[in-house]
Amino acid sequence: MTFKYKLGLLTSLIFFSLRLSAQEKDCTTKELDNGKIIVQYCFSKFLDEDGNDLLLIEDSTITEAQIDFEKCVLLMKNVQKHKLFTGDSESKIVKIISDNEWIIYYYTDNPWPVENSDCVSRMTFTENKDEKTAIFELVATPSEYKKGDVNRMKHFNVIYTFKDLGNGKVRITMRGKSSPPVKVPMWLVKSAFPKAPASAVRDIVKLVKE
C-alpha cells in the first residue's frame, strides 16, 4: 500500500476535535525481524466535523539500529527523499516557514482500484539536546497548497522520534493517526499491516546508512 506510514497512533491536537464513536478499537501488536521491529496498529471509527462516519487507522512502530543520529535528522529535512520510505510517488517542500518548519506535499499514486490522493502538511522539527532526541511532526494543513483533481487527506498526523542511545545506536519511533481520503476496502487496509509501517522504518535505516 502506498499510503504506508500515513497510518498512525498519537494523541494530537489535530484529532481533539474528532468525536470517536462507541465502536471498540480493533488492535493488534506484532513483532518482526526477530523482535527488532514492534508494530501496534488499531482500526476504529470516528465522526468528523461534518458528521461523516470515517475509518480511523492508528499505528506505532519502534525499532533500534546502528545508525548515525545526525544523518537521521538530515534525511528527514531532505523532504524529496521522504517518498523513498513513505511509498509516495512525490514528496517536496512547497513553503519554508523557518529553519525548523515547512509546508510539505506528498502525492500518492495508489494501485487500482484505489483512487490517487495527496496530502499537504506542516512539518516541524524540535531537538532536545539534553534528552538526545530529534522529533519531526507532520500535521495535515490541506488548505496550504493548491488543490488538484485528486482527493486530499484532511485527517493526518505522524510523528517521527529519533533518540540517540549512544555507541552509534538510535531508537526510531514512528507514530501517527490518519483517515484515508479515498474509499479503500477494509480487507485491503488490513493487508497493509504490519508490513507497511515495518517497511517504512526499514527504509529509513537503509537510507541513513547510505
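Start by selecting arginine 152: at 8% relative accessibility, this residue counts as buried. Keep in mind that the model is predicted.

Zoom in on the two side chains. They meet in a salt bridge, 2.9 Å from N to O. Next, color the strands. Arginine 152 sits in strand β9 (residues 151-152) and aspartate 118 in strand β7 (residues 117-128), so the pair ties together parts that lie 34 residues apart in sequence.

Move on to lysine 177 and glutamate 58. Their side chains form a salt bridge at 3.9 Å, N to O. Show strand β11 (residues 169-178) for lysine 177 and strand β4 (residues 53-66) for glutamate 58. This pair links distant parts of the chain, 119 residues apart. Are these two residues buried or exposed? Both lysine 177 and glutamate 58 are buried.

Salt bridges with shared partners join Lys25, Glu58 and Lys177 into one network.

Stay on strands β11 and β4 for the next stop. Select arginine 171 in β11 and glutamate 64 in β4. What joins arginine 171 to glutamate 64? A salt bridge does, with the closest N and O atoms 3.1 Å apart. The two residues are 107 residues apart in the chain. Arginine 171 is partly exposed, at 29% relative accessible area. Glutamate 64 is partly exposed as well, at 36%.

To finish, zoom out to the whole model. The count of salt bridges comes to 10.

Conventions
Residues numbered from 1 in each chain as written. Predicted model: local features only at pLDDT ≥ 70, side-chain atom pairs only at ≥ 80, totals over all residues. Heavy atoms only, no water. Salt bridge = Lys/Arg side-chain N within 4 Å of Asp/Glu carboxyl O. Helix = DSSP H or I, 4+ residues; strand = E, 2+ residues; numbered from the N terminus. Buried < 20%, exposed > 50% of the residue type's maximum accessible area, 1.4 Å probe, protein only.
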